[in-house]
Amino acid sequence: MSPPAGQSEHEEEEADGLRKVIHVDMDAFFASVEQRDDPLLRGKPVAVGGSSGRGVVAAASYEARKFGVRSAMPSVRAVRLCPDLIFRKARFDVYTAVSRQIRAIFLEYTPHVEPLSLDEAYLDVTADLKGIGSATRIAEEIRRRIKAETGLTASAGVSYNKFLAKLASDQNKPDGLCVIRPGEGAAFVAGLPVRRFHGVGPRGAEKMARLGIETGADLAAKDLAFLRANFGSFAEYLFRAARGVDLRQVRANRPRKSVGGERTFFEDIKETEALRETMDHIVDVVWERIERAGTRGRTVTLKLRYADFKTLTRARSVPHWVADKAEFAAIGHALLDDLMPLPQPIRLMGLTLSALERGEDEERPARDGQLSLL
């Protein structure tokens, strides 16, 4: 599905009414920044996160991934898999500065940039600012500029909707490009394992396998009634995804109702200390988002998803604006402590600040949502 030689020299064909969407995803972003800034780390297995017995890997270099080290994996397990693993503490101020540098590049090509996290974003280049006309050429140029200006590599996916563009960006990682043209989406999706679909985790894939669904083609063979009976409200998304359909627009400035994030664990956890350390990690990243958005709020919401996929939320509101990171963390920990001991292990934790007041930077592109980097 990669473009043939010379494809970038002319505009790819577009069907009427279809958009030109690029998804750019930095390669092992946190770990790559650490390797860039410390030459001694280059070519070596690197993990960003805590190295203590209750630490968690926030990001892993490709050298570490060869040993099976993955983000959200307990550090103890990561070291067992890769005894030579080198840990570095996260430097979110540095990652944020690089992310802004990359964002500035995007905005030279289109105002329609929808960030998903510090390391990835959607771009709608249907009418690009430079008049290039070809989404493939724009993606190639952006990747070259990111490399030249930051010393980092990025992978990109080009297609006619967000769902396909995101799938494509993961196809030829690292430092790769993949193009899915109009008319190719359904065939591309048919050959993929359902685990590649956004939102389908390991346990979801296991459930699908028990139902005889392992690929996009298997999923497309199921009717909507079957999917609703087995996957509830998730059914509509799965039905469309199996056909390569996604009607969502790239939205640069969405009304912000909350700022938050969540993390899915590599392994279900229940131990008190591990849960508290996880809370601290989430607080660090979410509060950085809150400060970047220039907003403040009164309500903190904790979200837990148990091993059986049941989801629990607990919220606490205060009569004043949450003053600072310390108060935000204290409320989050209090919500968690009220639920301890947990009846079963959890596979996801999230924390959100809502009841917001518009801040000075409210119109800056931003996104609530999952901490995909963790």
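Modeller: The axes of α1 and α4 come within 11 Å and cross at roughly 100°. Helices here are DSSP runs (H or I, at least four residues), numbered from the N terminus, as strands (E, at least two) are. This is a predicted model, in which local features need pLDDT of at least 70, side-chain atom pairs count only at pLDDT 80 or more, and totals for chains, interfaces and linings use all residues. Residues are numbered from 1 along each chain as its sequence is written, and side-chain values use heavy atoms, with hydrogens and water left out.

Colleague: Why is α1 called roughly perpendicular to α4?

Modeller: The axes cross at roughly 100°. Angles of 65 to 115 degrees count as roughly perpendicular (under 35 is roughly parallel, over 145 roughly antiparallel, the rest oblique), so α1 is roughly perpendicular to α4.

Colleague: What makes the contact between them?

Modeller: Contact means heavy atoms within 4.5 Å. F29, F30, V33, E34, R36 and D37 of α1 meet F92, V94, Y95, V98, S99 and I102 of α4. By class, eight are nonpolar, one is polar and three are charged.

Colleague: Which residues join α4 and α5?

Modeller: Q101, I102, I105 and F106 in α4 meet I142, R145, I146, E149 and T150 in α5. They divide into five nonpolar, two polar and two charged.

Colleague: What is the handedness of the crossing of α4 and α5?

Modeller: That crossing is right-handed. A crossing is right-handed if the near helix is turned clockwise from the far one by less than a right angle, and left-handed if anticlockwise.

Note on methods: Nonpolar A, V, L, I, M, F, W, Y, C, P; charged D, E, K, R; others polar. Axes fitted to C-alpha atoms, helices over the stretch in contact; angles between N-to-C directions.
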